[in-house]
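Please look through the structure below with a few plain terms in hand. The text takes up helix packing, then a group of rings.

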Amino acid sequence: MSTQAYPQVRNKQLTFIPATRLQQSFVAAVEKRTLIWLAQRTPGWINSDHLTILGFAAQCLAGVCYALARWNRSTLLLGIVFLALNWLGDSLDGTLARVRNCQRPRYGFYVDHVADTFAALFLMGGLALSGYIHPAIAFGLLIAFLMLSIEAYLATYTLGQFQLSYWKFSPTEIRLLLAAGNLALLRSPTAKVLSTPFRLLDVGGVIGIVGMALMLVVSAIRHTGTLYREEKIS
């Protein structure tokens with residue numbers, strides 16, 4: 001095919017309207033004030049790209065800590081540090097751009113979420129190798145996360161609303177739950193359900209999969225209904 005087939009597309013200036021961010025999690029108000037405070041005090045030589053890289057690398061290293069925990073449980077504590085650094089980089093990059101009024105909405109949205117996708121693979125891959133959760137449950141969590149992410153991205157494109165939280169839960173609450181889980185694993189890797197012992201992360205993982213599946217179904221039904229009403233054929 002000739003490279004000259006679509007010159008009008010190559011030279012087209014795209015018009016991009018940023019989506020409305022919907023953040024209604026448990027910690028949203030405190031988190032927003034904290035991020036603005038941090039952004040206002042971030043050194044000028046640090047930019048949003050640096051923070052995106054920090055968030056990506058930290059989440060990947062948290063996955064490495066989970067994998068190493070198979071042989072040394074103390075790496076779970078190091079994993080909490082990387083989860084905190086992941087929050088810092090992943091949450092502050094956009095806030096810093098908005099505070100400095102140097103936003104790149106298309107670039108930022110694309111790079112941030114592509115990085116999240118690869119980082120999620122590292123994190124769940126590390127969990128699958130940890131020995132603290134059945135690999136099928138770890139990858140079930142990954143699949144559920146990716147499906148929910150796809151629904152959110154489709155809604156962002158079609159409705160102009162980017163859903164950052166579901167049922168008061170956002171990535172920040174998930175990180176807090178993971179950190180709490182790490183501390184619990186140091187105490188005991190098992191939990192009893194109806195007097196039957198199970199691996200703690202197996203129980204938490206199944207709850208997470210069911211929760212994300214419900215969020216996905218409810219959101220898909222609600223958004224489909226909204227789009228149907230907005231584009232109803234008379």
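In which kind of crossing, left-handed or right-handed, does helix 3 pass helix 4? The crossing is left-handed, a term used when the near helix is turned anticlockwise from the far one by less than a right angle, with clockwise giving right-handed. This is a predicted model, in which local features need pLDDT of at least 70 and side-chain atom pairs count only at pLDDT 80 or more, while totals for chains, interfaces and linings use all residues. Residues are numbered from 1 along each chain as its sequence is written, and side-chain values use heavy atoms, with hydrogens and water left out.

Helices (H or I, at least four residues) and strands (E, at least two) are DSSP runs, numbered from the N terminus. Two packed helices are described by the angle between their axes and the distance between the axes.

A search of the whole structure finds three aromatic pairs. Rings of Phe, Tyr and Trp (its six-membered ring) pair if their centres lie within 6.5 Å; planes under 30 degrees apart are stacked, over 60 edge-to-face and the rest tilted. The ring centres of Phe-109 and Tyr-153 are 6.0 Å apart and the planes stand at 75°, so this pair is edge-to-face. Because Phe-109 lies in helix 5 (residues 105-130) and Tyr-153 in helix 6 (residues 135-159), the pair ties together parts 44 residues apart in sequence.

Phe-109 also forms an edge-to-face pair with Phe-162, at 5.4 Å centre to centre and 70° between the planes. Phe-162 is in strand 2 (residues 161-163) and Phe-109 in helix 5, so this pair ties together parts 53 residues apart in sequence. Phe-109, Tyr-153 and Phe-162 form one aromatic cluster.
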